[in-house]
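Morning, everyone. Please have a look at it first.

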Amino acid sequence: MTTKKHSKRKAQLTKYLEQLDEFNWHHPTQVSEMVDSQHERDNRTYYLAQISLILFNNYQQSYMQISQMLNMSSRTARRLTIDYEQDFDSLEEIMEELQNGEDW
């Protein structure tokens with residue numbers, strides 16, 4: 001990357017960061033809600049991955065079958081089984097964790 005392009009990119013990034021900081025300052029509750037919703041999405045993705053892994057490893061279900069059961073694409077089911085490690089041994093353990101865990 002040339003020096004001129006690098007300087008331009010750095011100026012753009014600085015501008016974007018200033019805009020983000022300004023948004024945070026003027027809309028603190030919206031920013032807080034966005035963070036909370038990201039946390040909820042991460043939790044949802046984690047538990048979907050755990051269920052997918054149990055269905056795949058314990059019950060020998062295909063990605064297509066998992067996708068139909070969990071109402072997602074087979075590509076997503078495959079990605080979840082690859083991206084995450086299995087932390088639970090059964091669906092019952094997941095249910096217990098969800099019932100005893102945080103309220104999200």
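I will start with the nonpolar core and then move to the ring pairs.

One caution: this is a predicted model.

So, what makes up the largest nonpolar core? Seven residues do: L48, A49, L55, I66, M72, A77 and L80. Two elements give two or more residues each, α2 (28–57) and α4 (74–83). The biggest giver is α2, with three residues.

Take L55, one of the core residues. Skip its neighbours within four places in sequence. What does L55 still touch? Its contacts are Q60, Q61, I66, M69 and L70.

Now the rings. How many aromatic pairs does the structure hold? Five. I will show two.

Pair one is Y47 with F88, and it is tilted. The centres are 6.3 Å apart, and the planes make an angle of 35°. Y47 sits in helix α2, while F88 sits in the loop between α4 and α5 (91–100), so this pair ties together parts that are 41 residues apart in sequence. Are these two residues buried or exposed? Y47 is buried, at 12% relative accessible area. F88 is buried as well, at 9%.

Pair two is F56 with Y63. This one is stacked: 5.0 Å between centres, 5° between planes.

How values were computed:
Residues numbered from 1 in each chain as written. Predicted model: local features only at pLDDT ≥ 70, side-chain atom pairs only at ≥ 80, totals over all residues. Heavy atoms only, no water. Core = buried A, V, L, I, M, F, W, Y, C linked by side-chain atoms within 4.5 Å. Buried < 20%, exposed > 50% of the residue type's maximum accessible area, 1.4 Å probe, protein only. Helix = DSSP H or I, 4+ residues; strand = E, 2+ residues; numbered from the N terminus. Contact = heavy atoms within 4.5 Å. Phe/Tyr/Trp six-rings, centres within 6.5 Å; stacked < 30°, edge-to-face > 60°.
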